[in-house]
Amino acid sequence: MKPLPLAPRALTEPHPSRLAPEHPRRAEILRRHAEAMAGGQAGYLDPETGLFVLTARFLANRGTCCERGCRHCPYVL
């Protein structure tokens with residue numbers, strides 16, 4: 001199966017429908033995401049829920065969208 005093309009935005013910038021610009025913990029979430037990507041980790045723990053959130057780089061390396069609404073999905077336009 002051929003990998004999907006990535007959305008035209010940086011992997012560090014989630015689509016606004018997945019992480020709203022006005023989200024009260026946006027800065028912390030983006031910091032954790034950046035740290036996980038810089039460390040080569042697959043994801044990070046969400047500061048509100050404690051759930052494991054996959055990074056955009058991990059999702060991009062999979063090559064396809066799972067259509068589960070991932071916060072950092074690099075395919076959603």
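Where is the place of Asp46? In this predicted model, Asp46 sits in the loop between β1 and β2, the latter spanning residues 52-54. Its relative accessibility is 5%, so Asp46 counts as buried, the cut-off being under 20% relative accessible area. Two polar pairings involve the side chain of Asp46. A polar atom of this side chain lies 2.8 Å from the backbone nitrogen of Thr49, and a polar contact of 2.7 Å joins the side chain of Asp46 to that of Arg71. When residues up to four places away in sequence are left out, Asp46 touches Ile29, Arg32, Leu51, Val53 and Arg71.

Helix α1 runs from residue 26 to residue 38 and has 13 residues. From its first C-alpha to its last, α1 reaches 18 Å, close to the 18 Å expected at 1.5 Å a residue. An α-helix has 3.6 residues a turn, so residues three or four places apart point the same way. After α1 comes Gly40, which has a positive phi near 70°.

The segment before α1 contains Pro3. In contrast to the buried Asp46, Pro3 is exposed, with a relative accessible area of 55%. Pro3 and Gly63 are 60 residues apart in sequence, yet their C-alpha atoms are 4.4 Å apart in space.

Rolling a probe the size of a water molecule over the atoms shows where empty space is left. The structure holds one cavity of 30 Å³ or more, and the volume of the largest cavity is about 30 Å³. The lining of this largest cavity is formed by Arg9, Ala10, Leu11, Glu13, Pro14, Ala56, His72, Cys73 and Pro74.

Technical notes. Residues numbered from 1 in each chain as written. Predicted model: local features only at pLDDT ≥ 70, side-chain atom pairs only at ≥ 80, totals over all residues. Heavy atoms only, no water. Helix = DSSP H or I, 4+ residues; strand = E, 2+ residues; numbered from the N terminus. Expected span 1.5 Å × (residues − 1). Buried < 20%, exposed > 50% of the residue type's maximum accessible area, 1.4 Å probe, protein only. Polar contact = N/O pair within 3.5 Å; in protein donor to acceptor, adjacent residues only side chain to side chain. Contact = heavy atoms within 4.5 Å. 1 Å grid on protein atoms, 1.4 Å probe; cavity = no way out; pocket = protein on both sides within 12 Å on 5 of 7 lines; lining within 4 Å. Points joined across faces, edges and corners; volume = space filled by probe spheres on them.
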